[in-house]
Amino acid sequence: MESVWQQNAKFVRFDPLNGNKKTEVLIIGGGIAGILCAYKLKKAGVDCLLAEASEVCQGITKNTTAKITLQHGLIYDKIIKEYGKEKAKLYLDAQIIACKEYENLCSKIDCNYEVRDSYVYSLNDRKKTEREKEALNLLGVKALNSDVKELPFNVAGAVCVKNQAQFHPLKFLYSISKDLPIYENTKVIELKPGKAVTDKGVINYKKLIIATHFPILNKHGGYFFKLYQHRSYVLALKDAQEIKGMYVDESDTGLSFRSFENLLLLGGGAHRTGKKGGCWQELEKFAKEHYPKAQIVSKWATQDCMTLDGIPYIGRYSKSTPNVFVATGFNKWGMTNAMVSAGILCDLVCGKTNIYAKSFLPYRTMLHPQLALNAFESVSGILRPTTPRCPHLGCALVYNSAEHSWDCPCHGSRFTEMGELIDNPATDDKPEIGE
């Protein structure tokens with residue numbers, strides 16, 4: 001199950017750590033967020049080092065749909081209602097800056113960067129999209145109500161923001177990472193104050209950035225309550241309808257559409273990790289009905305960390321860890337939020353004020369309805385009297401027949417049928433699964 005990005009990129013490889021090292025800033029995690037942090041820190045003249053347990057871009061990053069847009073579902077109306085216009089404006093401005101940074105960087109890189117209009121549609125509630133348009137207009141963005149014409153079904157309403165973008169994420173990341181201080185196949189097995197013990201040596205650091213998708217440090221921050229993980233699926237279709245815009249359903253379980261070269265990338269089938277969902281079967285059924293002449297040339301799945309309120313956690317890992325920082329919970333919008341993370345964290349580790357940081361504060365209030373749902377799933381998973389169990393916090397694993405994996409419904413760790421770790425927050429294999 002390779003994504004089209006893996007099939008169309010020239011990989012860049014890095015040596016593992018060999019012995020002990022010292023650095024000002026250690027970054028753990030070689031996905032898009034970690035790489036962008038390393039890129040910005042190096043550009044700022046900061047001594048840094050990135051450690052990746054396997055190979056860069058081979059986790060969640062390789063499976064994105066790679067839309068670069070300020071339009072993150074129907075989030076702006078929600079933020080205004082919950083936190084007020086000021087916080088919504090800060091969130092928006094951070095995304096606008098991120099989009100502009102991609103535009104500038106991609107102008108020098110061959111990474112299939114293309115300007116596209118972005119649409120968020122609703123199948124059954126036009127008022128939702130109208131409220132989002134009004135929220136965006138209030139914040140200074142020219143958003144339009146739109147009757148979607150390119151999709152093979154009718155929608156109740158859609159909100160459009162023009163001149164957003166899409167690109168090839170691996171071509172971009174391999175280009176900017178090739179001269180960075182990165183060590184692959186270097187797994188951090190223990191974190192101590194100022195010291196990371198890896199399987200290849202010890203790294204002494206002054207400041208630490210954890211960019212491991214789901215944070216791996218359980219002692220602080222309560223991320224196992226503040227986050228849950230959500231899976232979604234993609235088909236790459238040849239000889240399907242040409243799609244010029246980028247489309248996403250406002251529902252977490254809806255469909256998304258974008259083009260790549262001569263392919264249509266159809267996304268959907270989503271569900272909470274460890275729960276049942278439509279998976280590829282839902283997409284294959286849709287494609288057969290609406291694109292009967294199309295051929296599936298690739299299919300893959302991805303996993304997203306979801307926060308309690310739809311806003312990422314970017315900044316200090318917790319109140320009690322002044323020199324540890326985190327970037328997580330991108331809520332399916334990892335492209336711009338990874339760039340936002342790099343900007344905020346680069347400033348914070350350099351002791352600079354970042355005006356956007358307060359909008360993404362990791363230790364903001366946890367009093368949201370989603371907290372109760374996360375707690376229920378955690379308690380249910382721990383009490384469920386079945387095996388095998390996740391080595392992260394002991395929840396019962398559930399077999400995923402669509403992907404032939406063992407998944408944790410509590411926090412989203414995943415393992416192969418032989419017990420090899422696929423996705424964190426677990427950090428170790430579960431070899432007894434395959435026995």
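**Note on the predicted model**

1. Val398 is found in strand S18; helices (H or I, at least four residues) and strands (E, at least two) are DSSP runs, numbered from the N terminus. This is a predicted model, in which local features need pLDDT of at least 70 and side-chain atom pairs count only at pLDDT 80 or more, while totals for chains, interfaces and linings use all residues. Residues are numbered from 1 along each chain as its sequence is written, and side-chain values use heavy atoms, with hydrogens and water left out.

2. Leaving aside neighbours within four places in sequence, Val398 is in contact with Gly274, Arg384, Ser405, Trp406, Asp407 and Pro409; contact means heavy atoms within 4.5 Å. Thr387 is 11 residues from Val398 in sequence, and the two are 8.8 Å apart in space, C-alpha to C-alpha.

3. Strand S18 belongs to an open sheet of 4 strands, in the order S18-S19-S20-S21, with antiparallel pairing. Strand S18 (398–400) and strand S21 (421–423) are the edges, and each has a single partner strand, so one side of each is left without a neighbour in the sheet. From one strand to the next, the twist averages 35°; angles run from 0 to 180 degrees between N-to-C directions, and axes are lines fitted to C-alpha atoms, for helices over the stretch in contact.

4. Within this sheet, strand S19 (residues 405–407) and strand S20 (residues 414–416) run antiparallel and are joined by 3 bridges. Two strands pair if DSSP finds at least two bridges between them. Asp407 has Arg414 as its bridge partner in S20. Strands of a sheet pair through backbone hydrogen bonds, either parallel or antiparallel.

5. How many disulfides does a search of the whole structure find? The search finds 1 disulfide, a disulfide being a pair of cysteine sulfur atoms within 2.5 Å. The disulfide joins Cys395 to Cys410, with an S to S distance of 2.3 Å. Cys395 lies in the loop between helix H10 (369–383) and S18, and Cys410 in the loop between S19 and S20, so the pair ties together parts that are 15 residues apart in sequence. The torsion about the S-S bond of Cys395 and Cys410 is about -110°, so the disulfide is left-handed. Both Cys395 and Cys410 are buried.

6. Two other cysteines can be checked against the bond. The sulfur of Cys390 has its closest cysteine sulfur in Cys408, 4.4 Å away, which is too far for a bond. Cys390 is buried, with a relative accessible area of 3%. For Cys37, the closest cysteine sulfur is in Cys346, at 8.0 Å, again too far for a bond. Cys37 counts as buried at 1% relative accessibility.

7. Strand S1 (residues 21–28) pairs with S2 in the parallel sense over 4 bridges, and the bridge partner of Ile28 in S2 is Ala51. From strand S2 (residues 48–51), Cys48 and Leu50 point one way, Leu49 and Ala51 point the other way, and all are buried.

8. Helix H3 (residues 75–83) and helix H4 (residues 85–106) have axes that come within 7 Å and cross at roughly 145°. Ile75, Tyr76, Ile79, Ile80 and Tyr83 of H3 make the contact with Lys85, Lys87, Ala88, Tyr91, Leu92 and Gln95 of H4.

9. H4 has 22 residues and reaches 31 Å from its first C-alpha to its last, close to the 32 Å expected at 1.5 Å a residue; the expected span is 1.5 Å times one less than the number of residues. Among the buried residues of H4 are Leu90, Ala94, Ala98 and Leu105. The cover over the buried residues of H4 includes helix H2 (32–43), H3 and H9.

10. H9 has 16 residues and reaches 21 Å from first C-alpha to last, close to the 22 Å expected. Of the 16 residues of H9, 14 are buried. After H9 comes Gly351, whose phi is positive, near 75°. Asn331 is in the loop between strand S17 (324–328) and helix H9 (334–349), and at 9% relative accessibility Asn331 counts as buried. Not counting residues up to four places away in sequence, Asn331 touches Cys305, Met306, Thr307, Gly310, Ile311 and Pro312.

Notes
Buried < 20%, exposed > 50% of the residue type's maximum accessible area, 1.4 Å probe, protein only.
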